[in-house]
Amino acid sequence: MCGIAGAALPASVDAERAVARMCDQMIARGPDDAGVVLLDAPPVAVALGNRRLAIIDPSPAGHQPMRDERGNAIVFNGMIYNHRELRAQLVAEGERFASDCDTEVVLRAFGRWGTACVRRLRGMFAFVVWDASTRGLFMARDRLGIKPLYYHRHGDVLLFASQVKALLATGHIAPRLSQAGIASYLAYGAVTEPLTAIEGVRALPAGHTATLRDGHLAIEPYWSPPPVMPTSMTREKASCQLRERLQDCVAGHLAADAPLGVFLSGGIDSSVLAALAARDVRHLRTLSVVFDDPAYSEAPYMELVARHIGSDHLAITLRPDDVLAWRDDIFAAMDQPTFDGLNTYAVARAASSAGLKVALSGLGADELFDGYGLVGRVQSLERVRRLLPPPVATIASRAAALHNGNREKLSAWLSGRAGADAYDLLRRLFLDDEVARMSPAGAWRQPSPGGPPGDVHARVSARDLAGYTKNVLLRDTDAMSMAHGLEVRVPFLDHTLVEWVLSLPGDLKAGGGKALLAEATRDLLPPRILTRRKQGFALPIGRWMAGALREEVEATLRRPPAILDTVFDGGAASRVWQDFARDGRRWHRPWALYALCRWAATVAVPVGSAV
């Protein structure tokens, strides 16, 4: 796991210096080693850089940028879980290796198989190769977007890095906020890729490659979610196959030459990972974050699982005073604004303090097995819209608006104010008319519904994976874990497992409590874990904002940083806070605006000087 950076600039510009600045911005991502190389690439100047977190073959042989005898060079971020199998194939075809690390496997795979090598990789990755034969750059990002890759392209300038803030550190990009990016943040609590919060910076889409050759940048997809396939498979057979695939995925994700553990929340997802990992790892270390508020603490379930699997368990208690003490570090680590990054920061900080360098997370299971219950809610909303005639829907919308909770969304849905996309409604932070009042008119256009047609289970899973999972969970996990030099792996998002689950008809996955996953792993866990109501790992932020964090949040929302003036109505933040202070509801909204303000303050002052 690393931070990567690079530049292709006019020959008169110091590309090596620009890349060095980006690497200096990402020291936390790779505290073990660093390197920058200037390549012979006239008429342009090309440089590659890396900050290394050594996990596989931590010896100097894994130093990056890495070069081969063909003249190719690579910077790589991630982990290839089938690197040993690929190595064997490459050796059989005549390749010779100087290290045991997966970076060299990718480099030699590119040299042997060209750009098609990306289709053979099983893992999480973002990498860039200098192709000496074509004098061009090849960029690739993994299928689910587990690892990030951002770029800036303007005229004959190309910059890329693992972090948006690293690109800003070059001084080549003005720290201007993107109107569309900020509007999408207001809509969903995270910027929607390929947009970023910074004007002129884009994300290379997940499952895509990019090739820079002769001054032209071509971006192409190499992966998309599979369609649902008809099958005669029984539920029992599907359960058995799922168990086999889970065992295979977890075993592959355990490979490491560094201390490894499992995040344990007490829910079925992380508990399954921990139980499977404990079969292969002696004295497996598990880690939990707990709260002194019993309404949020899952400590009894965590301890039950830890005893059941015999892990060495560590529970860290998190209090609001900790958040206040860490707040500057939290928002410095936040590469883009997010309403959901604090919990990941807390658990990653605890894991790093415990000496872990690698951790497995249950992220992704909810999206694959409908852990949020979105399928039923989407179906109910669509059914109500079909069955209620317009006059009745209008009356019902007014009645719904009188209630608390999520009734405001229901009111908007029944009145037609929320559009025609039920899934989008459920994932919204602010609705379109609210976003329009808070952000300049026309800055945001709601994306058209995506996902495969037909099977609602596959449609919801595909959209969750492409939206909330990638834009919120994976982005937060990468930024907040790498801020502590921690590599987080997500076995449920192994693309081979994702493809198999998405291809199953919905009736094989239907049932509350992630029924298929529970059936496949029933023998691994105590019955209480399988039957408990889903709680999820969430910090008691609403209560904290009404108590210990109240003064901090209120002061911030009353005076948003000036950098937001062109993209955000500051008065709206104060009004949202007043609504929360009055009734204590919908804490996500003021918290999201607070996070936006605090993040914006970290980019308000230009880093470096433009050249």
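Ala238, Gln241, Leu242, Arg245, Leu246 and Cys249 of helix H6 meet Thr496, Leu497 and Trp500 of helix H18, where contact means heavy atoms within 4.5 Å. Helices (H or I, at least four residues) and strands (E, at least two) are DSSP runs, numbered from the N terminus. This is a predicted model, in which local features need pLDDT of at least 70 and side-chain atom pairs count only at pLDDT 80 or more, while totals for chains, interfaces and linings use all residues. Residues are numbered from 1 along each chain as its sequence is written, and side-chain values use heavy atoms, with hydrogens and water left out.

Two packed helices are described by the angle between their axes and the distance between the axes. H6 covers residues 235-253 and H18 covers residues 495-503; their axes come within 10 Å and cross at roughly 165°. Axes here are lines fitted to C-alpha atoms, for helices over the stretch in contact, with angles from 0 to 180 degrees between N-to-C directions. Angles under 35 degrees count as roughly parallel, over 145 as roughly antiparallel, 65 to 115 as roughly perpendicular and the rest as oblique. H6 is therefore roughly antiparallel to H18.

Next comes helix H8, residues 299-309, whose buried residues are Ala299, Met302, Leu304, Val305, Ala306 and Ile309. Buried means under 20% relative accessible area, exposed over 50%, and partly exposed in between (1.4 Å probe, protein chains only). The cover over these residues includes helix H7 (268-278), strand S14 (285-291), strand S15 (312-318) and helix H21 (527-531). Just after H8, Gly310 has a positive phi of about 70°.

Phe110 lies in helix H3, residues 102-113. Phe110 is buried, because its relative accessible area is 5%. Leaving aside neighbours within four places in sequence, its contacts are Asn72, Thr115, Cys117, Val129, Asp131 and Phe138. Of these, Asp131 is 21 residues from Phe110 in sequence, and the two are 8.8 Å apart in space, C-alpha to C-alpha.

Cys117 is buried too, at 1% relative accessibility. Its sulfur is 15 Å from the closest cysteine sulfur, in Cys101, so the two are too far apart for a bond. A disulfide is a pair of cysteine sulfur atoms within 2.5 Å, and by this rule the count is zero.

How far can the model be trusted? The predictor's confidence in each residue is its pLDDT, from 0 to 100. The chain has a mean pLDDT of 89, and 91% of its residues reach 70 or more. Over residues 606-611 the pLDDT is below 50, and this stretch has 14 contacts in the model beyond near neighbours in sequence. Where pLDDT is low, the predicted coordinates should not be read in detail.
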